[in-house]
Amino acid sequence: MDETRIVAASRDINADAASLFELIADPAQHPRWDGNDNLVELSEGQRVRGVGEVFVMMTTKGNVRDNRVVEFDEGRRIAWCPGDHDAEPAGHLWRWELEPVDDTTTTVTHTYDWTDLHDERREIRARATHEENLMASIDRLAALAEQGTGRG
């Protein structure tokens, strides 16, 4: 089977990398820009600060997900592997990379990698996640940041 299991989208956003990173590193902000419309309101106080941390999310279907942070570079990169609550990660990864172009513009790349996902229940949704879904998240993130409404 020849199947691409890594999907990515990228664009420049008229906002500084630090402001964008705050929207991404604070899970309570994720429902505001989630292009998959998969998340409900999350608790405050889970701002990610490093690899090894776990933040909790609830999906629109009522599922609780633990997200283990596996990559972290403050202001530049963050990636996490989701899994069922109190279980090992399922084998897929969400990554955000921010590259400052200048003081007011940042190239944002969003990647979904399901190379190690082997749970048939999740593979259906993974196959349905395309560049358009990732770009929808980037576009919503851009709208929040460019309007200066990064926080509540």
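Reader: How many salt bridges does the structure hold?

Author: The structure holds 14 salt bridges. A salt bridge here is a side-chain nitrogen of Lys or Arg within 4 Å of a carboxyl oxygen of Asp or Glu. This is a predicted model, in which local features need pLDDT of at least 70 and side-chain atom pairs count only at pLDDT 80 or more, while totals for chains, interfaces and linings use all residues. Residues are numbered from 1 along each chain as its sequence is written, and side-chain values use heavy atoms, with hydrogens and water left out.

Reader: Which residue does Glu-146 meet in a salt bridge?

Author: Glu-146 pairs with Arg-11 through their side chains, at 3.6 Å from N to O. The two residues are 135 residues apart and link distant parts of the chain: Glu-146 belongs to helix H4 (residues 131-146) and Arg-11 to strand S1 (residues 6-13). Helices (H or I, at least four residues) and strands (E, at least two) are DSSP runs, numbered from the N terminus.

Reader: And how accessible is Glu-146?

Author: Glu-146 counts as partly exposed, at 37% relative accessibility. Arg-11 is partly exposed too, with a relative accessible area of 26%. Buried means under 20% relative accessible area, exposed means over 50%, and partly exposed lies in between (1.4 Å probe, protein chains only).

Reader: Changing topic, which residues are linked in a network of salt bridges?

Author: The network of salt bridges links Arg-65, Asp-84, Asp-119, Arg-121 and Arg-122. Within it, Asp-119 forms a salt bridge with Arg-121, and their closest N and O atoms are 2.7 Å apart. Asp-119 also forms a salt bridge with Arg-122, where the closest N and O atoms are 3.0 Å apart.

Reader: Is Asp-119 buried or exposed?

Author: Asp-119 is buried, because its relative accessible area is 16%. Arg-122 counts as buried as well, at 13% relative accessibility. Arg-121, by contrast, counts as exposed, at 63%.

Reader: Now the backbone: what is the phi of Asp-37?

Author: The phi of Asp-37 is near 50°, which is a positive value in a residue other than glycine. Asp-37 is placed in the loop between helix H2 (30-33) and strand S2 (54-58).

Reader: What about Asp-86, and where does Asp-86 lie?

Author: Asp-86 lies in the loop between strand S4 (77-84) and strand S5 (93-102). Although Asp-86 is not a glycine, its phi is positive, at about 60°. Asp-86 is also exposed, with a relative accessible area of 64%.
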